[in-house]
Structures are given as C-alpha cells and as structure tokens.
Amino acid sequence: MQSGSLRLERLTKRYAAATVVAEVSVAIPSGQFFSLLGPSGSGKTTTLSMIAGFVDPDEGRILIEDRDVTRLSPQYRELGMVFQNYALFPHLSVAENIAFPLRVRRFGNAEREERVTWALDVVRLAGFERRLPRELSGGQQQRVALARAVVFQPPVVLMDEPLGALDKNLRYQMQVEIKEIQRRLGMTVVYVTHDQEEAMNMSDVIAIMNHGRIEQMGAPTDVYERPGSIFAGKFLGEANLIEGRIDNLRSKSLAVAGGTILRASRAIVDEEIAEGAKHFVRPERIAVHAANDATGEAGSNRVAGKVARLSFLGNLVRYGVDIGAGELVTVDAQNSGRTPAFGVGDAVTAAWRPDDAILYHHG
Ligand code: ADP
Ligand code: MG
C-alpha cells in the first residue's frame, strides 16, 4: 500500500456567521490511525468533507504527501472513503462493488481481478464475490465498503462513523478487525467518531474536537490520563470533578467540604471555571475502604463518606460515595467475585493518589 502523510494547516469553515471548523492544524504521518473525536455538531464531518474535497474551506490548506490539494476536485485526491450508510451499489455483486473504483480508474481486466481478490482477502470475504449487498449482514456489508475503499491503494483512507449502524458486540469486533487491517497494510486513516471507547481502541492519535476547534490531541493514554481541560476529561470517560476552594496553588491542593484537603499532581487553568476550582480523578483510580481501615498508600488523598448508591455493572461495581455538602464521588471497583463489599449506608473512606488527580482552576 502506498500510504501517504496528510497535513491540515489552519483549516477553517464558516456557514453564515457560524465558524464550524476553526483553524484546525494537524500533521498526520504516513501509516497513522488518526481520529477526530467529539460530540455531535463539533465539526468532525465538515473537517473530513474538506479533506475529501466535498466542502471548500474558507481558509487554510490541505496537503497530501506535501502536495497542496486544497483546490483539487475530489476525484483527483485519490482518497479511500467509508461511511456509516455503506453506500454500496445494491444491484452490483460484492466483486463488482469492489471493482468499481478500479473501473473508474481504467485498470485492465487482469489487474482488476488480481486487486479484487487481494481486497476480498484483506477483509476476509473470499467466497462472497457473487453475493448482492442485501444478501450480507451489516458487518459484511461494511467490510465490502472497506475493501472498496482500499482496493486502489489510496494514500489516505477517510472513515466517518463507519460502525455507527452496528450493534455493540459487532462494533467492537469490527473495531479490532479494521485496526488489524490498518496496521497490516500500514494505512493512513482519518477516522471520525463520537464514541470514546472506539477512538481509544483504534487510534494512534486522538484529536478531541469541541465547537470546531481541536481541544486536545495525543495518544489515547495521554488524553485519558492527562486531559488538558474539563471538557476533554469529561468527554473521554467517567470523571469526578470535586468542587472546592484552592488551599494552596503551589501544592495544587483544594479544600473541600468538611475541611478535607485534596492534593493533585498538576494544576491546569480552565476557562470553564468562573470561580473556585475542581479536583479531577477517574472513578477506577479510587479505592474504597471501611471507614476505620487505614490501608492505602502514604500521601494518598483520603475522604470520609457514606455509600449513597451502588450500581452493579457486570464487570464492575460503581459506588456513589457521599462525601458531604452534596458531593457524590463515583468509584469503580472491579467485580472480582467478592464484591459488593459495601452496601448503601456503609461508612467508608475513599482514597486515591495525588498522581492520579488534576486541579482545574480559573487562573
Ligand atoms: P459533526 O460531524 O461533528 O457532528 P458537522 O461537521 O456535521 O459536525 O457540523 C458542524 C456544524 O456545522 C453543525 O452545527 C452543523 O449544523 C453545521 N453545518 C454543517 N454543514 C452545514 C451546511 N451545509 N450549512 C450550514 N451549516 C452546516
Ligand atoms: Mg458527523
């Protein structure tokens, strides 16, 4: 596969008074799986449509392998595309669907056949070439769409919510499969999704979009563990944001209800906060102990509370621990076979390391 790099430079799109994509700049090296992740309306599809050439940017440039394609019409950009509604030709067989981009590009019979066979093999659909799309499951139809997108070996493949129509289990299976194909072929992929787990599972780099801007960009573990803003932290998973007053900014400590001091390892200015400050920690980084149990790491944050809620989620038990003043801290405990260890009303201590916490404040 002739994979290529993709660069966006201050890409901007406005509709009337609204700026829906604002100065998006990214450099995606060849072979990278890059995701645009954000809520509905954050500008993901518009960004992808500008890369594809369906939407003209108002400002900025798009470069594929250092070639400026900003004003080039879509068919000359040579990009592979996969969308949620598979967009297969219903009256064409699987093989004919996959061969379509090769016909458009006037590949000869022999090479066309060879490439279709290769693409069918890549998506594990050998033997299905004569079927019509309606004779396939949703997952199989999406694999045909994928084969059709890669059969002419484009430098970059664009995917917009390609798994959105599939149920949860099949979705996960297809995530693994697409990722495996991408890695094996060394494909450069720009992937659009609003699904956090999907983005984390598949991507080398995630760009979190919010109101047309890239709010944060990085490897999945980086953005999950060190969200640069409250928005990013909340969007990527469950997040506790405990309110309080700054006790000491240098030690990144917050005073919460009852006078307890919570320490964090980093402090970040966040414009969402008008006054006070918030202490961030993920639910799975908190341990619950019995109230009088002093186990736990030295230097940990420790807060006394009462179990106010308990949800059984299968693989884990989620506690809502009331730490006073209406603050409910969410704690996820693995369902190891001995849980739930605590019941509603039990007095407990919630404990976590400052290393797992971030202080967001208004500067
Ligand atoms: P996403 O894919 O993240 O859900 P979109 O890129 O589709 O978001 O849309 C971003 C914003 O741009 C939305 O507010 C949407 O209503 C607006 N928008 C998209 N296309 C058009 C258009 N052709 N005309 C006017 N507004 C548009
Ligand atoms: Mg969209």
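Residues are described here as buried under 20% relative accessible area, exposed over 50% and partly exposed in between, with a 1.4 Å probe and protein chains only. The model is predicted, and local features need pLDDT of at least 70, side-chain atom pairs count only at pLDDT 80 or more, and totals for chains, interfaces and linings use all residues. Residues are numbered from 1 along each chain as its sequence is written, chains are lettered from A and ligands numbered from 1 in the order in which they are written, and side-chain values use heavy atoms, with hydrogens and water left out.

The shell around ligand 1, taken as residues with a heavy atom within 4 Å of the ligand, consists of Y15, V20, P39, S40, G41, S42, G43, K44, T45 and T46. Helix 1, which spans residues 44–52, gives the most to this shell, with three residues; helices (H or I, at least four residues) and strands (E, at least two) are DSSP runs numbered from the N terminus. Among the polar contacts, defined as pairs of N or O atoms within 3.5 Å, a side-chain N or O atom of T46 lies 2.5 Å from an oxygen atom of ligand 1, a polar side-chain atom of K44 lies 2.8 Å from a ligand oxygen, and a backbone N or O atom of G43 lies 3.0 Å from a ligand oxygen. The protein covers 55% of the 570 Å² of accessible area that ligand 1 has on its own, as computed by the Shrake-Rupley method with a 1.4 Å probe.

The whole structure holds 21 salt bridges, each being a side-chain nitrogen of Lys or Arg within 4 Å of a carboxyl oxygen of Asp or Glu. Within helix 3, R115 and E111 lie four residues apart, about one turn of the helix, and their side chains meet at 3.1 Å, N to O; R115 is buried at 17% relative accessible area, whereas E111 is partly exposed at 36%. A salt bridge also joins D356 to R353, with the closest N and O atoms 3.4 Å apart, D356 being buried at 13% and R353 partly exposed at 31%.

Notes:
A polar contact is a pair of N or O atoms within 3.5 Å; within protein, one must be able to donate a hydrogen and the other to accept it, and residues adjacent in sequence count only if both atoms are side-chain atoms.
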